[in-house]
Structure formats: structure tokens, C-alpha cells
Amino acid sequence: MLADLFATIKVEDIIEATKETFYMTIIALIGTFIFGILLGLLLFLTNKGGLWQNKWVNFITATFVNVFRAIPFIILILLLFPFTDFLVGTIRGPNAALPALIIGAAPFYGRLVEIALREVDKGVIEAAKAMGAKTRTIIFKVLLPEAMPALISGLTVTAIALIGYTAMAGAIGSGGLGSYAYYSGFQRRDFDIVLLCSVIIVFIVFLFQFIGDYITRKLDKR
């Protein structure tokens, strides 16, 4: 009966779609981590009482973050078509999805980074300043290491959101499990394909959650 249920599925196609989903998620997650850290640091350091207190820089950064967090991802992909075509040379395929994935997820992660940095004990920061530590030293030796468990936890949440984004991007031809489920499954009324893709996506989510939780526990010194 199980064989009949998945009779229309080609194993090589589902493996290729799974690889594309992993590829998009991991590459986008790396880009999101880099840009999210930068945005979060800017939001934290330029805020009132911060090491780089600057009202206008904080306002511009916060506006950028809020605007791109507010745009639904499927609409963001469409808005970024000209930019994606210029950058990648195409608007289809896994590589074409990366700009929208990173631009869509980085502001979300940037806010989580800011929250994580706010939780760092101010006494530790003041002690580093009293010892004459430079701003760069405070950032890389105090702020980021102290906030690392929360940063990894936030990155795990972002990774799970990115997996959902890749599925949405699949509906407009980015590849991956979302694309396979929509074009080969839904449009052809092969709902066994949709079911299998859903099961694999759920498994990937659990995998990322497990890895993220494990790393967070290892880094947490409390």
C-alpha cells in the first residue's frame, strides 16, 4: 500500500530537490548570520547609551530592518526580481532565490541579535571599558562571546523560517522541495508528492532545531 501511495515519485528527483533545499537554506543562513550580526550590532551600538550612540544611524538602520521585516516574503521575491536578475543573471533556480532569502531573513535575525546583545550584563561591558578596551575588543571579546548562546538560538529560529521561505520561493521556480511539491505534485494532482515533500521538510526543520539546541546548550555556561 505504501508503495502504491508513492508510486509516482522519482527517487532521484526527490533527492535533487532535497539537496537544493539544503543548499538554499545553508548558504542563505550564512549570509543571514553575517548581515544579521552587522545589523544587530548597528542597532545596539548606535542606540541611546551605546558605544556608538548616533540617533540618525540608529533610525535609518531600524527603518531598514522594520520595512523589510514587514514585507511578506512572496512579495519581496517579486520586488527583488530586477535586482536578482542583475546580480545572478537569472530569476529561476536555487541561486536566484538567495538574494531574497538573505534580504528577507537578515533583518529578522538582526532584531534577534539586538535583543541578545541587550541581555549581556552591562557590568561586564563597563569593566572592559574601565580597563581601556577598545570598541573592537569589546565587540569581539565581550559582547559577541557573552551573547553567543542567544545568537545561536536566534539563528536556529531564523533557519527554520528560512526553510519555510525556500518552500515559498519554490512556487516561483527556485527549485527545492517547495518547487517539486508545487509543480510536480500540486499542479499534477499528485498529492503523494506533496505529502512526501512535507514530511521531508518537517524532518529538516527538526534536524536544524536539534543541531541548534545542541550547540546552544554547549555554549551556555549558566
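Predicted model: local features only at pLDDT ≥ 70, side-chain atom pairs only at ≥ 80, totals over all residues.
1. A helix here is a DSSP run of H or I at least four residues long, with numbering from the N terminus. Keep that in mind for α6, which comes up below as the helix giving the largest share of the lining of the largest cavity, namely three residues.

2. Overall picture first. The protein chain has ten helices and zero strands, so, by that DSSP count, the pattern along the sequence reads α-α-α-α-α-α-α-α-α-α. If you are setting up a box, the C-alpha atoms fill roughly 70 × 40 × 25 Å along the principal axes.

3. What does the record say? UniProt lists residues 18-212 as "domain: ABC transmembrane type-1", from an unreviewed entry. In the model that span is 83% helix and 0% strand, and its end C-alpha atoms lie 20 Å apart. The UniProt feature "transmembrane region", also from an unreviewed entry, is placed at residues 22-45, 57-84, 96-113 and 193-212.

4. I looked at two of those annotated stretches. Residues 96-113 come out as 100% helix and 0% strand, with the end C-alpha atoms 26 Å apart. Residues 57-84 are 89% helix and 0% strand, and there the end C-alpha atoms are 27 Å apart.

5. On to helix packing. Two packed helices are described by the angle between their axes and the distance between the axes. For helix α2 (residues 11-45) and helix α3 (residues 55-70), the axes come within 9 Å and cross at roughly 140 degrees. That makes α2 oblique to α3, since only angles over 145 degrees count as roughly antiparallel. The crossing of α2 and α3 is left-handed.

6. Towards the other end of the sequence, how do α9 and α10 cross? The axes of helix α9 (residues 176-186) and helix α10 (residues 191-219) come within 8 Å, at an angle of roughly 165 degrees. α9 is therefore roughly antiparallel to α10. This crossing is left-handed too.

7. Now the empty space. Rolling a probe the size of a water molecule over the atoms shows where empty space is left. The structure holds one cavity of 30 Å³ or more, and the largest cavity has a volume of about 80 Å³. Its lining is made up of Ile77, Phe81, Thr84, Ile91, Ala96, Ala97, Ala100, Ala169, Ile172, Gly173 and Ser174.

8. Which helices supply at least two residues each of that cavity lining? They are α5 (81-88) and α6 (94-118), with the largest share, three residues, coming from α6. By class, the lining of the largest cavity divides into eight nonpolar, three polar and no charged residues.

9. The second largest pocket has a volume of about 280 Å³. Its lining runs through Phe44, Asn47, Lys48, Gly49, Gly50 and Leu51, and also takes in Arg118, Lys122, Ile125, Glu126 and Lys129. Helix α7 (residues 122-130) gives the most to this lining, with four residues.

10. Worth a thought if you plan to assign charges: how does the lining of the second largest pocket split by class? There are three nonpolar, three polar and five charged residues, whereas the lining of the largest cavity has no charged residues. Among the charged residues of the pocket lining are Arg118 and Glu126.

Definitions and conventions: Residues numbered from 1 in each chain as written. Heavy atoms only, no water. UniProt positions renumbered as here; feature names shortened; annotations may be inferred. 1 Å grid on protein atoms, 1.4 Å probe; cavity = no way out; pocket = protein on both sides within 12 Å on 5 of 7 lines; lining within 4 Å. Points joined across faces, edges and corners; volume = space filled by probe spheres on them. Axes fitted to C-alpha atoms, helices over the stretch in contact; angles between N-to-C directions. Parallel < 35°, antiparallel > 145°, perpendicular 65-115°, else oblique. Left-handed = near helix turned anticlockwise from the far one by under 90°.
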